[in-house]
Amino acid sequence: DKARSHYSKTVLVTAGVGAFSPNKLDAPGVTEYEGKGIFYFVKDKQLFKDKRLLIVGGGDSAVDWALNFNNWAAKVTLAHRRDVFRAHEGSVEELMKCGAEIKLFYEVKQVIGDGKWVKKAVIYDNRTKEETMIDVDSILVNIGFRADLGPIRNWGLEIRGREIKTNGRMETNIPGVYVAGDLAGQVDSVKLNLIATGYAQAAMAVNVAKNFIDPTAKIFPGHSSEMKM
Ligand SMILES: Cc1cc2nc3c(=O)[nH]c(=O)nc-3n(C[C@H](O)[C@H](O)[C@H](O)COP(=O)(O)OP(=O)(O)OC[C@H]3O[C@@H](n4cnc5c(N)ncnc54)[C@H](O)[C@@H]3O)c2cc1C
């Protein structure tokens, strides 16, 4: 990513619990073939048309894609490390009947390719350690997401757990930097992670910020009914 500068006298941080990135599969060959047969998202269904697809995971994404691709891919194999699914019960029932090959207690041990694209996956039964090699054209990994504040953590803000400390004016420890929404950890306040709370906090933050930039400006912006049209 190209770093770009944006000049501002104030910043309002509304990063929620952070940016989500997929949990990566930890096995030899996976990093090498990421984007070359190994995917964490489906951006183009066409890529899986009439292909042998291994789906890894047991949540809604894994199960929904297994159902979605069942009559689209040449073959769908779903490998899940347990026999309990996080996915919606109805979807799991459908999955069990759909004809996809379901490998319970199976995990990926290794991914093998020809240097250009993934060709095989070694999966193993985590109870017996017995290994099976399967031919694949693609592997779709859906093993959850991780939220992280990323570079915001290094801005020098006072962070407590998953929150940036703020006062009733949505100010942080850095003058001119404000926080609102789920990320805001207001001292002596009830934590209410709701859309309405975020909106109200953002309104407070921008009006306090306006006063920070121009100390002669009123914090209360007035009502539209007071406007001289
Ligand atoms: C399952 C679920 C159901 C909910 N249902 C309701 C409901 O019915 N009613 C209700 O009022 N509230 C509900 N909520 C709560 C509500 O969604 C949150 O309170 C609200 O979305 C918080 O808004 P936000 O702007 O603070 O954060 P978010 O909506 O999380 O937005 C934060 C954004 O910042 C981005 N971001 C984070 N880090 C970075 C970074 N480093 N760089 C760039 N971008 C970044 C994220 O990608 C995201 O787009 C629900 C929450 C969940 C999880």
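In this predicted model, the largest nonpolar core has 19 residues, and within this core the residues with the most contacts are Ile-38, Leu-54, Val-108, Val-111 and Ile-139. At least two residues of this core are supplied by each of four strands, namely strand 4 (52–56), strand 7 (106–113), strand 8 (118–125) and strand 10 (138–141). In soluble globular proteins, nonpolar side chains tend to be buried together. The surroundings of Leu-54 can be described in more detail: when residues up to four places away in sequence are not counted, Leu-54 touches Thr-77, Ala-79, Val-108, Ala-121, Ile-123, Ile-134, Val-136, Ser-138, Ile-139 and Leu-140. Another core, of 18 residues, lies apart from the largest one, and Phe-48, Val-63, Ala-73 and Leu-140 are among its members.

The ligand is surrounded by residues from several parts of the numbering, with Thr-14, Ala-15, Gly-16, Gly-18 and Ala-19 among them, and with Leu-149, Ile-152, Gly-181, Asp-182, Asn-193, Leu-194 and Ile-195 also included in this shell. Sorted by class, the shell consists of six nonpolar, five polar and one charged residues. Taken alone, the ligand exposes 1000 Å², of which the protein buries 41%.

Backbone geometry was also examined at two positions. Phe-105, which is not a glycine, has a positive phi of about 65°, and this residue is placed in the loop between strand 6 (101–104) and strand 7. Met-170, likewise not a glycine, has a positive phi of about 65° and is found in the loop between strand 13 (163–166) and strand 14 (177–179). Although it belongs to a loop, Met-170 is buried, because its relative accessible area is 0%.

A further buried position is found in a helix. Asn-207 has its place in helix 3, which comprises residues 195–213, and counts as buried because its relative accessibility is 15%, a value to be read against the cut-off of under 20%. With residues up to four places away in sequence left out of the count, Asn-207 touches Ile-219 and Pro-221.

Conventions
Residues are numbered from 1 along each chain as its sequence is written. This is a predicted model: local features need pLDDT of at least 70, side-chain atom pairs count only at pLDDT 80 or more; totals for chains, interfaces and linings use all residues. Side-chain values use heavy atoms; hydrogens and water are left out. A residue is near a molecule or strand if one of its heavy atoms lies within 4 Å of it. Accessible areas come from the Shrake-Rupley method with a 1.4 Å probe; for residues, only the protein chains shown count as cover. Ala, Val, Leu, Ile, Met, Phe, Trp, Tyr, Cys and Pro count as nonpolar, Asp, Glu, Lys and Arg as charged, and the others, Gly among them, as polar. A nonpolar core is a set of buried Ala, Val, Leu, Ile, Met, Phe, Trp, Tyr and Cys residues joined through side-chain atoms within 4.5 Å. Buried means under 20% relative accessible area, exposed over 50%, partly exposed in between (1.4 Å probe, protein chains only). Contact means heavy atoms within 4.5 Å.
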